[in-house]
Amino acid sequence: MTDSLPILHQGQPIYNIVYSKDFEGIREFISKYDPDRSRKACVVSDSKVASVYMDAILSIANECFASATSFVFPEGEASKNLNTVKDIYVKLINENFNRHDVLIALGGGVTGDMCGFTAATYLRGIDFIQIPTSLLADVDSSIGGKTGVDFDSYKNMVGAFHMPKIVYINTSTLKTLDTRQLYSGLGEVVKSALIKDSDFFTWLTQNITNVQNLEEESIRDLIYKCNIIKKNIVDSDPYETLGERALLNFGHTIGHALEKYMNFEFLHGECVSIGCILASYISMKKGLINENEYTAIFDFYKDHMNLPELPSDIDIDKIVSYTRNDKKAEKSCVKFILLRNIGDAFISKDVSEEDMADSLKYYISLPK
């Protein structure tokens, strides 16, 4: 694989995904991005990531920008809201940030989404840089320019498209990732394979032990394969107007509903993984994928993904009702992503609330 991957818009490069084993390459990028050191930078991070990596990034930013400051918020999905964005606005206003200045998102999906949304809306848009530190952010949320925050527990209901200037992936940050967060990121990895690349799914089944052990070559290959899938989709449908980009929402319709129902006690990737199993089950029940394909998908999740158990007394009707508020809904219809085969996803408007309820009943009935 190469050390960088260009993301295109209308055939023209708009930013690069850069791969490294350390943070030193970000210094070279900033020096070219702001050669006269005229910009100020604010590094946005959550409390957990900041305790590990903030000093290193602030040191580089202070060396390469006119000045650098930081904003740290409490870790977790509960911080991903307009109140935190307001606090960042106040910080930027008080320190006289203008349209020439830049935000740096240092962290996982929550940080990247929220920092990107702040950059998209502060002074009608300023630049931002993505430095993801989680597997989920490496393979999915940092790529493609979607930004947003939750609103009254509804996932990503307020957002904007705003492309970063660079996505800088330092794979060594995964060594400080806890096991649960690693598996959460793997949820988006498997989703990518299921929607677009059956060979990648096969590769995962053959290399999952190396991935779980964070073997360097396997991790780099995994991230790059996921980035290629998302790059190709984003290049063809950057603002989700043609339908292709909606395929990335496989597993997310029920997944987001589960996140809300569980009050975000389950991680995003955990809920997406369960959502992918349910969407695959619905695909099988509708005669799209065959039983062998479904079994291969289910067995991979069961054997390798360390998923949390759903409470046996969950309110299925309430979970299904939350899908009506999904941002992918059109009028009274939810755009649901199904599989024709492993690696071949499509948009369906033929998934009923009864289909979703039946899949949930099936899932909670499985032997523990």
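Helices and strands here are DSSP runs, numbered from the N terminus. By that numbering, E77 sits in the loop that joins strand 4 (67-73) to helix 3 (82-94). The model is predicted.

- E77 is buried, because its relative accessible area is 17% and buried means under 20%.
- Apart from neighbours within four places in sequence, E77 is in contact with V110, D150, K155 and F264.

**Helix 6 and helix 7**

- Two packed helices are described by the angle between their axes and by the distance between those axes.
- Helix 6 covers residues 179-196 and helix 7 covers residues 198-212; they pack at an angle of about 160 degrees, and their axes are 7 Å apart.
- Angles over 145 degrees count as roughly antiparallel, so helix 6 and helix 7 are roughly antiparallel to each other.
- Helix 6 and helix 7 make a right-handed crossing.
- On the helix 6 side, the residues in contact are L182, Y183, L186, V189, V190, A193, L194 and K196.
- On the helix 7 side, they are S198, F200, F201, L204, I208, V211 and Q212.
- Sorted by class, this contact of helix 6 with helix 7 has twelve nonpolar, two polar and one charged residues.

**Cysteines**

- The structure holds zero disulfides.
- C226 is in no disulfide, and the nearest cysteine sulfur, that of C276, is 12 Å away; a disulfide would need the two sulfur atoms within 2.5 Å.
- C226 is buried, with a relative accessible area of 1%.
- C276 is in no disulfide either, and its nearest cysteine sulfur, that of C271, is 11 Å away.
- C276 also counts as buried, at 0% relative accessibility.

**Residues with positive phi**

- Most residues other than glycine have a negative phi.
- L123 is not a glycine, yet its phi is positive, near 55 degrees.
- L123 belongs to the loop between helix 4 (109-121) and strand 6 (127-132).
- With a relative accessible area of 36%, L123 is partly exposed.
- N263, likewise not a glycine, has a positive phi of about 55 degrees.
- The loop that holds N263 runs between helix 9 (252-261) and helix 10 (268-285).
- N263 is exposed, because its relative accessible area is 54% and exposed means over 50%.

Terms used: Residues are numbered from 1 along each chain as its sequence is written. This is a predicted model: local features need pLDDT of at least 70, side-chain atom pairs count only at pLDDT 80 or more; totals for chains, interfaces and linings use all residues. Side-chain values use heavy atoms; hydrogens and water are left out. Axes are lines fitted to C-alpha atoms, for helices over the stretch in contact, and angles run from 0 to 180 degrees between N-to-C directions. Helices (H or I, at least four residues) and strands (E, at least two) are DSSP runs, numbered from the N terminus. Angles under 35 degrees count as roughly parallel, over 145 as roughly antiparallel, 65 to 115 as roughly perpendicular and the rest as oblique. A crossing is left-handed if the near helix is turned anticlockwise from the far one by less than a right angle, and right-handed if clockwise. Contact means heavy atoms within 4.5 Å. Ala, Val, Leu, Ile, Met, Phe, Trp, Tyr, Cys and Pro count as nonpolar, Asp, Glu, Lys and Arg as charged, and the others, Gly among them, as polar. Buried means under 20% relative accessible area, exposed over 50%, partly exposed in between (1.4 Å probe, protein chains only).
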